[in-house]
Amino acid sequence: MIATGVQNANGSGGFNVGLAAWSPWPKEGITFAEAIVSTNSIVFAYSFGGCLPSFMEEMHTPEDYIKTLWWLGGIQIVIYTLTGSLIYAFVGQEVQSPALLSAGPVISRVVFGIALPVIFISGSINTTVVCRYIHGKVYRNSVVRYINTPRGWITWLGLVLFVTILAWVIAEAIPVFSELLSIISSLFVSGLSFYLPPVIWYVLLREGAWYEKHNLKTAMYNLVVFIVGMIVFGCGTYASIAELVHKFESNSISKPFTCSA
């Protein structure tokens, strides 16, 4: 973000001097699929929702769970919004995906080197969450669930290895960063962070009928979130596949499982 701002101030960007081609509106000629794929990059920012229930199980004081939701969600939304909007303002509509590539070849290599540990850590967190869900369900009524037994360690490490390899295969099979994020957003984030929470409220959390006066406002909010989730699921899945097919047919992306450009 700092590098793109410096480049902009030197005249290679142009937020202040009018050279950066940025606009609050979609670019001209954008297709429906392109627009949905771009929107799903924002949806992906809310993927942390699927991890939250597992965090509560580890808390010393579960009663503080709601406070952690507000703090985590608020801080993350502010950071993501500032980072995305500033880089877009400095770089313009030619911003690349991932945005780390937008700072030029030299700075991008440096930034990727700095970011790699964080990338590995974030991947490990998601792997751990997924494996804990599976491991905890399989050994729900067994001491093996807590891993600290020979059988627990063997099944845990085997599960982590399997999920890691599966994730690598999926990432290599979809060699386009934007479309990969869009597919994840459409198939998983749409449910875990959008249309399933409203269902949980309607089925488990509401007190009395949904149309009662004290529930009406919350019911409307949940209905809107549910509709957004279903749109992301349906339109996003179609758009992601359509964009992948188009890019493969136009030879604008590399082949799966290759490092060639």
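Helices (H or I, at least four residues) and strands (E, at least two) are DSSP runs, numbered from the N terminus. The model is predicted, so local features need pLDDT of at least 70 and side-chain atom pairs count only at pLDDT 80 or more, while totals for chains, interfaces and linings use all residues. Residues are numbered from 1 along each chain as its sequence is written, and side-chain values use heavy atoms, with hydrogens and water left out.

Q: Where does I147 lie, and why is I147 called buried?
A: I147 sits in the loop between α5 (105–138) and α6 (150–173). Buried means under 20% relative accessible area, exposed over 50%, and partly exposed in between (1.4 Å probe, protein chains only). The relative accessibility of I147 is 17%, so I147 counts as buried.

Q: What is noted about phi of I147?
A: Phi is near 70 degrees, a positive value in a residue other than glycine.

Q: Why is I30 called partly exposed?
A: I30 has a relative accessible area of 28%, so it is partly exposed. I30 is placed in the loop between α1 and α2 (32–44). Its C-alpha atom is separated by 19 Å from that of P98, 68 residues apart along the chain.

Q: How much of the protein chain counts as buried?
A: Of its 261 residues, 28% count as buried.

Q: Which elements does the protein chain have?
A: There are 8 helices and 0 strands. From the N terminus on, the order is α-α-α-α-α-α-α-α. The C-alpha atoms fill a box of roughly 60 × 55 × 40 Å along the principal axes.

Q: What makes α1 roughly parallel to α4?
A: Two packed helices are described by the angle between their axes and the distance between the axes. Axes are lines fitted to C-alpha atoms, for helices over the stretch in contact, and angles run from 0 to 180 degrees between N-to-C directions. Angles under 35 degrees count as roughly parallel, over 145 as roughly antiparallel, 65 to 115 as roughly perpendicular and the rest as oblique. The axes of α1 (residues 2–9) and α4 (residues 65–91) cross at roughly 25 degrees and come within 9 Å. The pair is therefore roughly parallel.

Q: Which residues make the contact of α1 with α4?
A: T4, G5 and N8 of α1 meet I87, F90 and V91 of α4, where contact means heavy atoms within 4.5 Å. By class, the contact has 3 nonpolar, 3 polar and no charged residues. Ala, Val, Leu, Ile, Met, Phe, Trp, Tyr, Cys and Pro count as nonpolar, Asp, Glu, Lys and Arg as charged, and the others, Gly among them, as polar.

Q: Why is α7 described as roughly antiparallel to α8?
A: Helix α7 (residues 177–205) packs against α8 (residues 213–249) at an angle of about 160 degrees, with the axes 8 Å apart. That angle makes α7 roughly antiparallel to α8. By class, their contact has 18 nonpolar, 11 polar and 3 charged residues.

Q: Where does UniProt place the feature "transmembrane region"?
A: The unreviewed UniProt entry gives residues 69–90, 110–131, 152–171, 183–204 and 220–241. UniProt positions are in the numbering used here, feature names are shortened, and annotations may be inferred rather than shown by experiment. In the model, residues 110–131 are 100% helix and 0% strand, with end C-alpha atoms 32 Å apart.
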